[in-house]
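Here is a friendly walk through one protein chain, from its overall build to a few local details. Have the structure open as you read.

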Amino acid sequence: MRILIAEDDFYCRKLMLACLAPLGECDAATNGQEAFDAFATGHKEGKPYDLICLDIMMPEVDGVEALKKIRDMEEGELGIKRRNRCMIIMVTALEDMKMIMSSYHSLCDAYVMKPIEQRQLLEQVRQLGFNV
């Protein structure tokens, strides 16, 4: 399983890496543009990500915009059907349900609230169908 963690906060990124590393190969990005570039590179190299954790609020390109770019690339250039797409968990400290729901409408698969708890994160991964 290949996992990408896009998180600008060092400690949160480190925690998610520690939680998810036992599940497979993990890469990290510090903003949405890096996440999108890593996603695109993974497909070009024939090693796409199975799971991406995207923080909603990041510098340069935020998680919602990165999510839209990823889904657009899957549907357009890559021709990936919805059932075969990468699973994406949005991560947020926002308690603003409007922002969270806009992420769902932008085609994310789940969300996790900060502060991140290992149990909560792994439960979301499990609910997406991965063996945890």
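The report below starts with the fold and then turns to the cores, the aromatic rings and the backbone.

## Overall build

Please keep in mind that this is a predicted model. The chain holds five helices and five strands, and starting at the N terminus they follow the order β-α-β-α-β-α-β-α-β-α.

How does the radius of gyration fit with a compact globule? For 132 residues such a globule would have a value near 14 Å, and the chain has 13 Å, so the two agree. Along the principal axes, the C-alpha atoms occupy a box of roughly 35 × 30 × 25 Å. If you take the contacts between residues at least 6 apart in sequence, 59% of them join residues at least 24 apart.

## Surface and cores

Of the 132 residues, 44% are buried. The chain exposes about 6,900 Å², and carbon and sulfur atoms account for 50% of that area.

In soluble globular proteins, nonpolar side chains tend to be buried together. Here the largest nonpolar core has 23 residues, and those touching the most other members are Leu4, Ile52, Leu54, Ile88 and Met90. Two or more residues of this core come from each of strand S1 (2-6), helix H2 (32-44), strand S3 (51-55), helix H3 (63-75) and strand S4 (87-92). Another core, of 18 residues, lies apart from it and includes Ile5, Leu51, Leu121 and Val125.

Isoleucine 52 belongs to the largest core. Beyond its neighbours within four places in sequence, isoleucine 52 contacts Leu4, Phe39, Ile70, Cys86, Met87, Ile88 and Ile89.

Leucine 51 also has its place in strand S3, but is a member of the other core. Is leucine 51 buried or exposed? Its relative accessibility is 0%, so leucine 51 counts as buried. With neighbours within four places again left out, its contacts are Met1, Arg2, Ile3, Leu4, Cys86, Met87, Ile89, Val125, Leu128 and Phe130. Cysteine 12 is 39 residues away from leucine 51 along the chain, and their C-alpha atoms are separated by 17 Å.

## Aromatic rings and charges

Searching the whole structure turns up one aromatic pair. The ring centres of phenylalanine 10 and tyrosine 11 are 5.1 Å apart and the planes meet at 85°, so this pair is edge-to-face. Phenylalanine 10 is partly exposed, at a relative accessible area of 44%, while tyrosine 11 is exposed, at 64%.

## Backbone details

Most residues other than glycine have a negative phi, and most peptide bonds are trans. Two spots in this chain are worth a look with that in mind.

Which form does the peptide bond from lysine 114 to proline 115 take? This bond is cis, with omega near 0°. Proline 115 sits in the loop between strand S5 (110-113) and helix H5 (118-127).

Terms used. Residues numbered from 1 in each chain as written. Predicted model: local features only at pLDDT ≥ 70, side-chain atom pairs only at ≥ 80, totals over all residues. Heavy atoms only, no water. Phe/Tyr/Trp six-rings, centres within 6.5 Å; stacked < 30°, edge-to-face > 60°. Buried < 20%, exposed > 50% of the residue type's maximum accessible area, 1.4 Å probe, protein only. Helix = DSSP H or I, 4+ residues; strand = E, 2+ residues; numbered from the N terminus. Rg over C-alpha atoms; globule rule 2.2 N^0.38 Å. Contact = heavy atoms within 4.5 Å. Areas by Shrake-Rupley, 256 points an atom, 1.4 Å probe, with all protein chains shown as cover. Core = buried A, V, L, I, M, F, W, Y, C linked by side-chain atoms within 4.5 Å.
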